[in-house]
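Biologist: Please show me the model. I have some questions about its inside.

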Amino acid sequence: MVSEVFYSIQGEGARMGEAAAFVRFFGCDLDCDFCDEPLHKSKYIEMSPLQVFERIQAWPTRWVILTGGEPSLEDRNLFIAFLQKQGYQVAVETNGYDPEHIARADWITYSPKDWDQLQKDPFYDELKLICDAQSSKARILEIAEDAGGKPVFLQPLTRFEDPAATEAAVSFCRQMILDHPRLRLSLGLQRFLKFK
């Protein structure tokens with residue numbers, strides 16, 4: 001079940017600033033109060049891999065990003081292989097529900113929401129931690145150490161209804177990165193620049 005298919009600019013992580021086709025899947029195993037995309041809970045259509053391909057082939061990008069909700073709720077490997085056969089590279093943004101369901105992806109962004117229940121094997125290409133001013137500095141550094149040299153992004157928790165909390169989260173991430181240059185900043189540009 002697909003909530004939407006659209007063409008935009010990646011606003012997060014190592015691929016920030018690149019044009020991509022996005023496939024947003026319906027449903028998630030979590031109910032985060034800071035989720036920036038409620039559409040995955042309310043709207044979906046049934047689309048075959050061919051129908052998705054027909055939609056994205058009009059756009060001049062060779063990157064497809066599977067997002068949600070949570071894309072790994074179902075096995076996406078055949079869909080990923082289909083897109084790769086059509087000449088696309090496929091990235092997935094996941095909370096890590098089931099890494100086996102997205103194992104064929106060319107690039108995986110792991111954004112765990114429960115830092116005490118992390119996937120043990122580093123199945124991902126980059127790690128994105130959503131942080132607020134109360135995030136544990138010690139835990140962030142432990143997680144970064146376990147990432148095995150893969151990029152670790154800190155992304156400030158954005159709450160537009162609470163600008164002071166957002167500003168505090170930005171300050172927290174800024175200082176962590178200045179103190180620990182191995183860490184990198186991800187901003188979620190789509191939220192600030194108002195693009196899809």
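Biologist: Which strands each supply at least two residues of the lining of the largest cavity?
Modeller: This is a predicted model, where local features need pLDDT of at least 70, side-chain atom pairs count only at pLDDT 80 or more, and totals for chains, interfaces and linings use all residues. Residues are numbered from 1 along each chain as its sequence is written, and side-chain values use heavy atoms, leaving out hydrogens and water. A cavity is a set of points on a 1 Å grid over the protein atoms alone where a 1.4 Å probe fits but cannot get out, and lining residues have an atom within 4 Å of a point. Strands are DSSP runs of E, at least two residues, and helices are runs of H or I, at least four, numbered from the N terminus. The lining gets at least two residues each from strand 4 (89-94) and strand 5.

Biologist: Which strand gives the most to that lining?
Modeller: The lining includes Ala91, Val92 and Glu93. The top contribution is three residues, and it comes from strand 4.

Biologist: How much space lies in the largest cavity?
Modeller: The count is one cavity of 30 Å³ or more. A volume is the space filled by probe spheres set on the grid points, which are joined across faces, edges and corners. For the largest cavity it is about 40 Å³.

Biologist: Which side chain does Thr109 join in a polar contact of 2.5 Å?
Modeller: Contact means heavy atoms within 4.5 Å. Leaving out residues up to four places away in sequence, Thr109 touches Val92, Glu93, Thr94, Glu126 and Lys128. A polar contact is a pair of N or O atoms within 3.5 Å; within protein, one must be able to donate a hydrogen and the other to accept it, and residues adjacent in sequence count only if both atoms are side-chain atoms. At 2.5 Å, the partner is Glu126.

Biologist: How far away is the cysteine sulfur nearest to Cys131?
Modeller: A disulfide is a pair of cysteine sulfur atoms within 2.5 Å. The whole structure has zero disulfides. Cys131 is in none; the nearest cysteine sulfur belongs to Cys173, at 4.3 Å.

Methods
On a 1 Å grid over the protein atoms alone, a cavity is a set of points where a 1.4 Å probe fits but cannot get out, and a pocket is an open set with protein on both sides within 12 Å along at least five of seven lines; lining residues have an atom within 4 Å of a point.
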